[in-house]
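Hello,

Here is the structure to look through. My notes on what was found in it come after it.

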Amino acid sequence: MKTLNKKLPLLLILAILLGTNGCKKDYLKSDQLSSYSPETSLINVAAMKAALNSLGANMRQEYFGDAAPILTESIFSDVAVDGTTDKSTSAQDLITRITPDAELNNTDFNKIGWYWLEEYRGVRYANTIITYIDNVKYTSEAERNSILGSAYFYRAYHYYRLVNQFGDVPFPLVDIVAPKDDYYSTKRDVILQKIKEDLLFAQTWVLDNVNKGEVTKGAVSHLLTKVNLALGNFDDAIASASNIINGTQYALMKTRFGSTAADASKNVIWDLHRMDNKALSSNKEALLLVIDRDNLASGFTAFGSQVMRNCVPAWHFANVKTPSGATAITDAVTAEFPLTRWYGRGIGRYRGTPYSTKYIWTDNTDFRHAPGMWMNMTDLVYNNPALKNSSNAADKALYGKPLQEYNSSNVAARFTNGALDTIRHWFGWPHYKVFINSTNLIANDPYWTPPRGTNTDWYVFRIAETYLLRAEAYYWKGDLASAMADINQVRSRANAQLLTNSAAITIGTILDERARELYWEEPRKTELTRIAYIFAKTGKTAYNGKTYNLASFSENNFFYDRIIEKNDFYRNQVPTVMGVNYKIAPYHVLWPIPASAQRFNANGRINQNKGYSGYENNVEALDKY
């Protein structure tokens, strides 16, 4: 595969062309159209490819920045909650905080509004390319159709996310040439069927031998597999996944590779997630990447990924004390034991649940939970320099030793006022996944001071997930032996114990493996909602003994039952130090349509989801496009 092309046509051209640097109004509002005309700007292949590159840059935003949008996907699920317990405004009591008129696009609240805005922005950019595809003279039909297929992919990607976040949504398929305020919602299955048709076209014409960060045939087949599952076309899902798995272009990385291959203290999972290994031509696992380099002109995210800030516990202000009351830890990067440089300076926005940090790790051979790969608070050490020369012998003896497990009677692990916010300060995390170290000296890298995660490429699709998607398709068909075989491919690579009882395979088995493998990669809420729809459409009995239907989807669904089963915070309505109780409701299976989108749509009707104010004004969704 070709290496990253640092001479990609200027992203700035497209930013001007399609208004990416313009106002941040909702696409589904009557906002002012760009003063730049696509029919006079999209006039050659270079401009079309620049347009596609801008779509890739737009996709990148989901994984990057403080409170990155993917965090919101995670906290509406079984794997995490919002850990910023120093605020009463965070998305913790979701029943109170998640309403159509609430602030739905804010770092400290949630990014539901961001998804609505940016996914429709992506749809609009893709529609512009599709609408003007024949405005250009191509060298061949194949060149034209590969560009068109890539645009179809991006549009399908955004609609796949929208229908599993919001349900029935507006479905524009052409570029807008005048302000519109008459949108209507289109039925979810109609949208899914159309994007399947587009992806079948794309699967024929999009190539694999492209620059890193561009759409690949493998990525198309992977997304097609998800769409096939969502439609209940399980044989088709197996076929589209098998296109990837049975081919020669992609494979699970099972042997050491890249810049860290010689480090005997690590393993192939560590190699797989190193920032400089993701886009290597030798890395056969990546189906689709987003590229983020601080040395790539117009191609980086300000302040970098910040994934360590988001995902590492806020250990640095946990106020750990020694038995004598001395401060136990410091975040100084110059400390003899520089915990900040070793692990990052987190603030605990992503608080993994006991389910995702403890319960699913059932054997001690799994590379993904091995010492040095997975970190627990007891892996940190007492590093306050004052302890080294303390006159208190007990304090001095603690210096450089691991933190002791916190409990109410353990004075060696006591905290200020004898209290500990275990939600924000004391939990485990996948160091191998989130440790993004600077490529420059810390003093010269403003995006890594303090260490919070710098610029890095990131996986959107990997073949590991393809195996788990095919396993899911086999599960829905009742072929549990084949489902187990695919799950074991992923487990084997991670050196985990193999499953041996196919009769015990359930959708829960697959969700557990997804949680182990796809931290900060999968949009967990999207996938749980997709699965909930399948249970409701098929009537298949879930492992909890329940069946579901579409008529009562917002009141009774697998999405909610799974979260209440696995997420201790929501199930027990755990209170934060601010007195906010974690709460979630069945209707959160679908997010609210932002009220602003409805207000600006004066001559149409964008339906509201059941459970939210405004649902009573719904009209029948469109059953065609």
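Helix H20 is followed by Asn495, whose phi is positive, near 65 degrees. Helices (H or I, at least four residues) and strands (E, at least two) are DSSP runs, numbered from the N terminus. The model is a predicted one: local features need pLDDT of at least 70, side-chain atom pairs count only at pLDDT 80 or more, and totals for chains, interfaces and linings use all residues. Residues are numbered from 1 along each chain as its sequence is written, and side-chain values use heavy atoms, with hydrogens and water left out.

H20 covers residues 480-493, and its 14 residues should span 20 Å at 1.5 Å a residue, which agrees with the 20 Å between its end C-alpha atoms. The expected span is 1.5 Å times one less than the number of residues. Among the buried residues of H20 are Ala483, Met484, Ile487 and Val490. Buried means under 20% relative accessible area, exposed over 50%, and partly exposed in between (1.4 Å probe, protein chains only). The cover over these buried residues includes helix H11 (268-272), strand E6 (458-462), helix H19 (463-477) and helix H21 (507-517).

H19 and H21 are also joined by a charged pair. Glu465 and Arg514 form a salt bridge, with their closest N and O atoms 2.7 Å apart. A salt bridge is a side-chain nitrogen of Lys or Arg within 4 Å of a carboxyl oxygen of Asp or Glu. This pair links distant parts of the chain, as Glu465 is in helix H19 and Arg514 in helix H21, 49 residues apart. Glu465 counts as buried because its relative accessibility is 3%, and Arg514 is buried with a relative accessible area of 1%. By the same rule the count comes to 51 salt bridges.

Another salt bridge is between Arg530 and Glu527, at 2.9 Å between the closest N and O atoms. The two are three residues apart in helix H22 (residues 524-538), so about one helical turn separates them. Both Arg530 and Glu527 are buried.

What about a buried charge with no salt bridge, such as Lys212? The nearest side chain of opposite charge to Lys212 is Asp457, 8.8 Å away; here Lys and Arg count as positive and Asp and Glu as negative, while His and the chain ends are not counted. The side chain of Lys212 does reach the backbone oxygen of Leu280, at 3.5 Å. Lys212 itself lies in the loop between helix H8 (188-205) and helix H9 (217-231).

Now the whole chain. There are 25 helices and six strands, and 61% of the 625 residues count as buried. The largest nonpolar core has 177 residues, and Phe153 and Trp520 have the most contacts inside it. A nonpolar core is a set of buried Ala, Val, Leu, Ile, Met, Phe, Trp, Tyr and Cys residues joined through side-chain atoms within 4.5 Å. Helix H7 (residues 141-165) gives the most to this core, with 12 residues. Since 22 of the 25 residues of H7 are buried, it is largely enclosed by the rest of the structure. H7 is followed by Gly167, whose phi is positive, near 85 degrees. Leaving aside neighbours within four places in sequence, Trp520 is in contact (heavy atoms within 4.5 Å) with residues including Tyr63, Leu71, Val307 and Trp458.

Regards

Definitions and conventions
Polar contact = N/O pair within 3.5 Å; in protein donor to acceptor, adjacent residues only side chain to side chain.
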